[in-house]
Amino acid sequence: MSVTATGNGLTYQWRKGGRNIPNGCNISGATTSTLNIASLSAADEGTYSVAVFNAGGSIVSKNASLRIS
């Protein structure tokens, strides 16, 4: 998944179910504009969002659902 944001000094934090996602196991890019999930499984299904921060504050994206079919 990826997000496009404009501005200076942006940082990112991806979330699943409202909780911050750490890098590790099959997850990379949790603090970048692109979240990578390798080898998707049922455990990865859920509602994702990303918080974007800069010196002026932060904003959280709309939710995106990930479902494996």
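**Chatting through the chain**

Guide: First off, this is a predicted model. Going along the sequence, the chain's pattern reads β-β-β-β-β-β-β.

Visitor: How many helices and strands are there in the chain?
Guide: Zero helices and seven strands.

Visitor: OK, what about its radius of gyration?
Guide: The chain has 12 Å. A compact globule with 69 residues would be near 11 Å, so the two agree.

Visitor: And what box do the C-alpha atoms fill?
Guide: Roughly 40 × 20 × 20 Å, taken along the principal axes.

Visitor: What share of the residues is buried?
Guide: Buried residues are 23% of the 69 in the chain. As for the accessible surface, that comes to about 4,600 Å², with 50% of it belonging to carbon and sulfur atoms.

Visitor: Let's zoom in. Where does glutamine 13 sit?
Guide: In strand 1, which covers residues 11-16.

Visitor: Is glutamine 13 buried or exposed?
Guide: Glutamine 13 counts as buried because its relative accessible area is 15%, and the cut-off for buried is under 20%.

Visitor: Which residues is glutamine 13 in contact with?
Guide: Leaving out neighbours within four places in sequence, its contacts include Asn20, Ile21, Ala30, Thr31 and Phe53. Ser49, Val50 and Ala51 are on that list too.

Visitor: What does the side chain of glutamine 13 do with isoleucine 21?
Guide: A polar atom of the glutamine 13 side chain lies 3.0 Å from the backbone oxygen of isoleucine 21.

Visitor: Back to the whole chain: what share of contacts join residues at least 24 apart?
Guide: It's 41%, counting contacts between residues at least 6 apart in sequence.

Notes. Residues numbered from 1 in each chain as written. Predicted model: local features only at pLDDT ≥ 70, side-chain atom pairs only at ≥ 80, totals over all residues. Heavy atoms only, no water. Helix = DSSP H or I, 4+ residues; strand = E, 2+ residues; numbered from the N terminus. Buried < 20%, exposed > 50% of the residue type's maximum accessible area, 1.4 Å probe, protein only. Polar contact = N/O pair within 3.5 Å; in protein donor to acceptor, adjacent residues only side chain to side chain. Contact = heavy atoms within 4.5 Å. Rg over C-alpha atoms; globule rule 2.2 N^0.38 Å. Areas by Shrake-Rupley, 256 points an atom, 1.4 Å probe, with all protein chains shown as cover.
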